Amino acid sequence: GALQRDPYSEAGWRLYVAQSSRFGSGRKANSEFQSARRQLRTELGLDFSEALIADLEISGTDGFAPATDIHAPHTTAEAEIITRAVLSALESQPAVAGALMAIPEFCFEASAAPKRFMSLLERAVRVIPKSDPVWAGCCVNWLSVRFQLGERSELLTDLSELLASSREPHIQARAIGLKATSLLQTGDLAGAEKAAGQSLELCREFGLSSHWPKALHDLGLVYMLRGRHADADARFAEGLAMVEPVTTRTAGISRAYLRYAHAKNAFVQGEFESANTWMRTALETGHEYAHDGSYTQYLPLAGLVYASAGHESEGIRLLADSMRQLHRAGHVRGQMSSLTYAARILWNRGHLEVAANIAGYETHWRDRVNRSRTLFHQMIMRGIPTTPAQQLPESWSVNRPPVQVLRAAYQQLQGLLPSAPSGRSRAIDVRLPVL
């Protein structure tokens with residue numbers, strides 16, 4: 001149908017056509033992109049930055065191009081383009097808004113502030129008919145943001161419904177991958193390995209380059225938790241080899257989380273220097289490409305890694321600062337992780353009672369939102385007792401909101417800085433059992 005006379009919506013529609021055409025006609029996709037760019041420039045005086053053009057440009061006519069990043073604005077003007085295009089079209093032209101929210105890159109934007117995007121994605125899922133091809137893409141992004149916000153109770157059920165309703169390979173691969181991640185969080189390693197393997201098989205069968213590195217990452221994490229560290233590194237290295245030559249922002253973010261996975265794998269083996277090296281490259285890459293702050297979720301573990309490698313003051317500052325950033329972003333999973341790592345650092349520095357109290361609050365918080373510790377976090381917390389909820393002192397009382405406890409933990413970490421020694425931290429026993 002005819003679109004309303006709104007240049008934002010019209011440009012959004014052309015970007016949608018470019019996105020939906022890129023696997024069928026590279027020439028048509030590039031033409032639509034250039035039309036959208038001309039309209040925004042002539043009618044609104046707005047243009048894409050050179051960095052975004054490099055990501056959006058569709059080249060070749062063989063029907064294949066790297067994943068575009070139309071949800072990864074590099075300037076305020078571009079953010080306005082995308083936001084206005086979505087909001088102005090959501091009710092009157094849901095296909096326009098849905099197309100802008102359906103591609104995987106939207107999750108990168110959403111991960112920086114999941115609460116902000118949650119309602120937008122939920123409205124899209126409710127408004128767009130299931131018969132519309134973009135509905136499934138919006139739905140899998142919606143489920144991804146719900147996962148980031150810590151939801152577990154209905155997520156697997158909704159994933160099963162999505163898998164039953166869409167047979168598109170890229171939707172299947174992403175949904176099964178999210179299922180693998182969810183199962184991994186609950187400790188179901190067998191189920192997670194099966195799902196991650198299925199997602200990877202789909203990527204290989206259909207050449208799904210945009211999700212392939214993530215599928216390798218997910219399977220590698222399962223191997224790590226099963227003690228198959230060499231196999232885990234092999235999967236991470238395979239994913240890195242795929243994205244190293246690619247210059248898009250999507251590939252840059254993939255490089256960041258694959259290097260982060262290498263750091264985790266080294267850390268759980270007690271190879272703190274290697275973990276430190278991998279983590280620093282991960283954060284450098286994340287800072288370069290994830291300008292919206294989505295890489296903030298890496299920071300809590302980075303603080304623990306730095307401290308464990310002998311850079312205590314730097315690590316403590318990084319962990320403390322991440323608490324504030326993750327709270328502002330509404331990233332529940334990251335906030336819980338920051339308490340886990342704070343407890344470990346405080347325990348290693350001899351603040352045994354405080355560490356046990358933090359562990360007690362963190363355990364109660366997880367129970368309250370039905371989110372148990374991951375196997376990785378269980379290893380981090382090994383040896384730290386948990387103060388029962390009813391015995392927690394006032395400062396760590398379960399009646400306090402999380403922000404107050406995060407602030408208290410932040411202050412405890414800050415208290416370590418004046419006397420933090422320059423030498424190494426005490427080694428942390430996080431060697432994983434073969435499960």
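This is a predicted model: local features need pLDDT of at least 70, side-chain atom pairs count only at pLDDT 80 or more; totals for chains, interfaces and linings use all residues.
Residues are numbered from 1 along each chain as its sequence is written, and side-chain values use heavy atoms, with hydrogens and water left out.

**The chain as a whole**

The chain has 21 helices and zero strands; these are DSSP runs, numbered from the N terminus (helices: H or I, at least four residues; strands: E, at least two). Of its 435 residues, 60% count as buried, meaning under 20% relative accessible area, while exposed is over 50% and partly exposed is in between (1.4 Å probe, protein chains only). The accessible surface of the chain is about 17600 Å², and carbon and sulfur atoms hold 51% of that surface; the areas come from the Shrake-Rupley method with a 1.4 Å probe, and for residues only the protein chains shown count as cover. Among contacts (heavy atoms within 4.5 Å) with a separation of 6 or more, 68% join residues 24 or more positions apart.

**The core**

A nonpolar core is a set of buried Ala, Val, Leu, Ile, Met, Phe, Trp, Tyr and Cys residues joined through side-chain atoms within 4.5 Å. The largest one here has 110 residues, and L162, L339, F376 and L413 touch the most other members. Helix α14 (residues 249-268) supplies the largest share of this core, eleven residues. Beyond residues up to four places away in sequence, F376 touches M224, L225, K264, F267, V268, L301 and Y341.

**Two helix pairs**

Two packed helices are described by the angle between their axes and the distance between the axes. Axes are lines fitted to C-alpha atoms, for helices over the stretch in contact, and angles run from 0 to 180 degrees between N-to-C directions.

| Helix pair | Angle | Axis distance |
|---|---|---|
| α18 (residues 332-348) and α19 (residues 352-368) | about 160 degrees | 8 Å |
| α15 (residues 272-289) and α16 (residues 299-308) | about 140 degrees | 9 Å |

The crossing of α18 and α19 is left-handed, which is to say that the near helix is turned anticlockwise from the far one by less than a right angle (clockwise would be right-handed). Residues of α18 that take part include L339 and L346, and those of α19 include V354 and W365. The crossing of α15 and α16 is left-handed too. Among the residues that make this contact are F272 and M279 of α15 and L301 and Y306 of α16.

W365, in helix α19, has 5% relative accessibility and so counts as buried. Leaving aside neighbours within four places in sequence, W365 is in contact with V332, Q335, M336, L339 and P402. The C-alpha atoms of W365 and P402 are 8.0 Å apart, although 37 residues separate them along the chain.

Q412 sits in helix α21 (residues 402-416) and, at 28% relative accessibility, counts as partly exposed. With neighbours within four places left aside, the contacts of Q412 are L346, V354 and W396.
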